Amino acid sequence: MSVPLSYIWRNLAARKLTTLLTAGGMALVVFVFATVLMLEEGLRKTLVETGSPDNVVITRRSAGTEVQSVIDREQAAIVENQPEVAYSANGLRLASKETIVLISLAKRSSEKASNVLIRGVGQKGIELRPQVRITEGRMFRPGSTEIIAGKSVAERYQGAGVGETLRFGQREWTVVGIMDAGKTGFDSEIWGDVDQLMQAFRRPVYSSVILKLNDPAMLSQLKTRIENDPRLTLEVKQESVFYAEQSQLLANFIRYLGMILSIIFSIGAIIGAMITMYASVANRATEIGTLRALGFRRKNILAAFLVEALMLGAAGGVVGLVLASFMQFFTISTMNWQSFSELAFSFTLNGAIIIKSFAFALTMGIAGGFLPAARAARLNIVDSLRAA
């Protein structure tokens, strides 16, 4: 027969302070573990959702990022006129020849400068990104020194609000609108007319060409034709894949650093749980002897203490996840190591993270409670009763 669950629960309730301290330690570890996973997921989601599966990004072969890529006008024209490129309702090809430049802007809060990505887009640049919408002001006029700022840029940097001006490329640029890109990477960019930006920065080449295909299934034949064309030294990628690759380096760093911290902290939590459970075994030696005398087997005692440890782990897991869920209300920014520009993103909690974090908490409970449970199960009945 098994030890009643009510007995196990009353034992935890009888030691309120040690129970709270042990569960609290586990909760902090689960909080760190879940926060790291949320940080990685938020970064991945921000960059992956920046790209559309219907769009294609053309960059220089082996460039890796748009910042490092160069495409001359002749190559851009060849790419733009490929038969797989879709047409808009007004008969124009859905293609945007774009240039990328990094500038340094001062933050509103700290006056510290940070890199911000300036994207020169063609007339179809907005149409190719349906997730981008103007929430304040208006779109910039082609051929002018007007720009629009991403929501995160407008909030964080001086001179990036509607009606304000920024000076870069030896020109004054007026911010005429704020764009909301749905928490994607475009929220951390400033957009303007590609031709004006190329003239201002004296850049005779584009950085990338963005295309929308008639049919996404045509990607492979477009990729084969362009990458095998001797006139071109270009690389073709689906836009969602391109941006997913941009997140790998930073996401891997966050994951590995977070896992190291979580392991270090979890060792402390496991030791704390183990000490608590050993103390419980020592203080309840008589109870254990009585249970054995009443007919409970060693495996029943082992299971009872393991369930007790699991309850501690589960309590820590629930509290840690509740605390971690509040991190979704915060937005942080860091430098994207691929583009060297600052990227703003939010913590993201999903079902997979909840399951992993709760499993991690239960694992800590088992790891901390197994040895004390085994010790309790090995106690001799007579010696346990004499301990009274």
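For sorting residues, Ala, Val, Leu, Ile, Met, Phe, Trp, Tyr, Cys and Pro count as nonpolar, Asp, Glu, Lys and Arg as charged, and the others, Gly among them, as polar. The model is predicted, with local features needing pLDDT of at least 70 and side-chain atom pairs pLDDT 80 or more, while totals for chains, interfaces and linings use all residues. Residues are numbered from 1 along each chain as its sequence is written, and side-chain values use heavy atoms, leaving out hydrogens and water.

A cavity is a set of points on a 1 Å grid over the protein atoms alone where a 1.4 Å probe fits but cannot get out, and its lining residues have an atom within 4 Å of a point. Of the 18 residues lining the largest cavity, Leu 117, Glu 189, Tyr 243, Asn 336 and Ser 339 sit closest to its centre. That lining splits into seven nonpolar, seven polar and four charged residues. Its largest share, three residues, comes from α7 (helices are DSSP runs of H or I, at least four residues, numbered from the N terminus).

Now for a helix pair. Helix α9 (residues 298–325) packs against helix α10 (residues 351–378) at about 150°, with axes 7 Å apart; axes are lines fitted to C-alpha atoms over the stretch in contact, and angles run from 0 to 180 degrees between N-to-C directions. So α9 is roughly antiparallel to α10 (the label for angles over 145 degrees). Their contact includes 19 nonpolar, five polar and two charged residues.

Terms used: On a 1 Å grid over the protein atoms alone, a cavity is a set of points where a 1.4 Å probe fits but cannot get out, and a pocket is an open set with protein on both sides within 12 Å along at least five of seven lines; lining residues have an atom within 4 Å of a point. Helices (H or I, at least four residues) and strands (E, at least two) are DSSP runs, numbered from the N terminus. Angles under 35 degrees count as roughly parallel, over 145 as roughly antiparallel, 65 to 115 as roughly perpendicular and the rest as oblique.
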